[in-house]
Amino acid sequence: MDITVWPGTPYPLGATYDGAGTNFSLFSEVADNVELCLIAKDGTEQRIPLDEVDGYVWHAYLPTVSPGQRYGFRVYGPWDPAAGHRCDPSKLLLDPYGKSFHGDFVFTQALYSYDPQSEHPAVTRAEPPVDSLGSTMTSVVINPFFDWGSDRAPRTPYHETVIYEAHVKGLTQMHPDIPEQLRGTYAGLAHPAIIEHLKSLNVTAIELMPVHQFLHDHRLLDLGLRNYWGYNTFGFLAPHAGYAASRHAGGAVAEFKAMVRSFHEAGIEVILDVVYNHTAEGNHLGPTLNFRGIDNAAYYRLLDGEEQFYKDFTGTGNSLNARHPHTLQLIMDSLRYWVLEMHVDGFRFDLASTLAREFYDVDRLSAFFDLVQQDPVISQVKLIAEPWDVGEGGYQVGNFPGLWTEWNGKYRDTVRDYWRGEPATLGEFASRLTGSSDLYENTGRRPGASINFVTCHDGFTLADLVSYNEKHNEANGEDNRDGESHNRSWNCGVEGPTDDPEILALRARQMRNVIGTLMVSQGTPMISHGDEIGRTQGGNNNAYCQDSPVAWVDWSKLEDNAELLDFTRKAVALRKKHPVFRRRRFLAGNPIRSGEDERDIAWLTPAGVEMTPEDWHSGFGKSIAVFLNGEAIPEPDARGERVRDDSFLLCFNAHDQPLEFVLPPDDYAQKWVTALDTGDPAGADEVTISAGEKIALQARSLRVLRKTT
């Protein structure tokens, strides 16, 4: 069939429908020739040479091509793995800028460019080559137009933010109030049942595990498993098609936008967990899907002197080459697209240290961070780093630039150690409780830069953290070798399920301790989905491949763990109501202004007297009281008014025995009332207690007292 071809433009990259026709554009510096392949519904293709080339960008405009058209590219160029080049025109290549994908992968020789039978498969090309058309997904032209109505970004400041990390499918797949055809989808996530649950928790942002188009890799499929978490992406501008209730080509885009609009109407921000550190193509033995066949040396970090192999800072086989200008452009274009076109409110960057690597060292002033800093769009949304990777020097908690917040791994480890009774954690616990100024203040950041979490998708759930000493990952097919072995967990006396009422009561109290601590800590709290109802993975701490009830949220636990859910709601509501728990600036510990006697914080022993240096350095110390002065908050509110709040006394007892706390003298407060008590599953009592009196704290419990008149 004859088709009209106009020169088109090199930018924007990808396929762009303008209401009349579609512009196609692909970068490849190594290519000798590039063909655009239009795929018909019967699977046949029509190849169109891209004769226009500007700055290594190959392009054309097709006035007759409209949304729904499936397409790919074939790149002709050198096959020279030793020099880092792996062009193979027998492979139909997916668009790096594709905004939607159709079909699935069939793992046959057709997806692989090398000869697996060769003695040196890293460099030996398969002969004869096998065409991948029919074995690979195809890119799809989308309709970019959408009625956003009056959609507005909530723009919740960090000090008012409560993040809820969730998986699109895992949160919705077993929810009884969501129609079956919507479970596991963007539409299901936007269902009122989910939004009402999040609103009842006072959640202000939902952080979605990867929704960029990803691949279920061959090894897992052979084991009867799937890449459930989704950290195996290859389409940085496309919402994962498998999460769309709509099955027509390109339908995921409109469905995702509708989901974001629904969350915004509820005042909830949408943050995406993004994976720009590696792609699904893996190492030199991986399939050729797009980047490898388009321009391998531009898109990937290759070993110096052995360019047939890949540098791997991620443990996944490859690392994206964020030093190359076109790779950087792809990352930045992707981020802007999700903000401007999909209306998301921020990003959590998986293994963000990899993006900072200029050579082998992590450089926080790398080109990527320079670009983010000056970008007028990306610099204005929430930017959250997972501040580590698996390479040397990759643990970079506290070292990211001023715009960035970070998953605070030190907070996670310290809170876990404190509540399981590890010695010598008191001073570290105090630092984490007050926003980790030792990590963030020197870079001009505020307490909100600390994303405080104790559990997340990676590792034990909260219920498993208090139920297992050891990981139980046998279902993953790796003989329990995968996953972290040092979990800082404690099973409370029995490994796994038990019907012992004392152990069950202790586990429930420990879960309340963690949630309560999160909500009274300075910084930005993050809850892992389902923890509020006691979600368990049966001790599996690496459920990345468990697309099954093992990893899905079991909503039947709502009834069994109603007290935990109620406690979580109370704890978050307490934080929301009282700005003393969510200060915009770090606590000073000294009088706020010259001549004032009042301090914003004081540290007390259980005897009600101020801590001494000896108390701080006591290796066996596990209990402390913290006075937070609501009358000594120097920073103004959003309208410049002085912030006044109630004062609180936080009493922490991590001992394995009950302990009496003496309330401090009446210059702190004359009377107190309990606002939160992890030792009481039914909720806090309303008994008024006077200064100097003693209160009894259960073993391993937290009690929050509010100053009253």
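Buried means under 20% relative accessible area, exposed means over 50%, and partly exposed lies in between (1.4 Å probe, protein chains only). This is a predicted model, in which local features need pLDDT of at least 70, side-chain atom pairs count only at pLDDT 80 or more, and totals for chains, interfaces and linings use all residues. Residues are numbered from 1 along each chain as its sequence is written, and side-chain values use heavy atoms, with hydrogens and water left out. Helices (H or I, at least four residues) and strands (E, at least two) are DSSP runs, numbered from the N terminus.

**Helix 15**
- In helix 15, the buried residues are L564, L565, F567, T568, A571, V572, L574 and R575.
- Helix 15 covers residues 562-577, which is 16 residues.
- From first C-alpha to last, helix 15 reaches 22 Å, close to the 22 Å expected at 1.5 Å a residue. The expected span is 1.5 Å times one less than the number of residues.

**Helix 9 against helix 13**
- Helix 9 (residues 409-419) packs on helix 13 (residues 501-520) at about 140 degrees, with the axes 11 Å apart. Axes are lines fitted to C-alpha atoms, for helices over the stretch in contact, and angles run from 0 to 180 degrees between N-to-C directions.
- From helix 9, Y411, V415 and W419 meet Q510, N513, T517 and L518 of helix 13. Contact means heavy atoms within 4.5 Å.
- The residues of this contact between helix 9 and helix 13 comprise four nonpolar, three polar and no charged.

**A187**
- A187 sits in helix 2 (residues 186-189).
- A187 counts as partly exposed, at 25% relative accessibility.
- Leaving aside residues up to four places away in sequence, A187 touches L182 and E255.
- A187 and A244 are 57 residues apart along the chain, and their C-alpha atoms are separated by 7.3 Å.

**Backbone features**
- Most residues other than glycine have a negative phi, and most peptide bonds are trans.
- Y11 and P12 are joined by a cis peptide bond, with omega about 5 degrees. P12 is in the segment before strand 1 (14-17).
- E127 to P128 is also a cis peptide bond, with omega near -5 degrees. P128 lies in the loop between strand 10 (101-102) and strand 11 (138-140).
- L351 has a positive phi, near 45 degrees. L351 is buried, with a relative accessible area of 12%.
- N480 has a positive phi, near 65 degrees. N480 lies in the loop between helix 12 (462-465) and helix 13.

How values were computed: Nonpolar A, V, L, I, M, F, W, Y, C, P; charged D, E, K, R; others polar.
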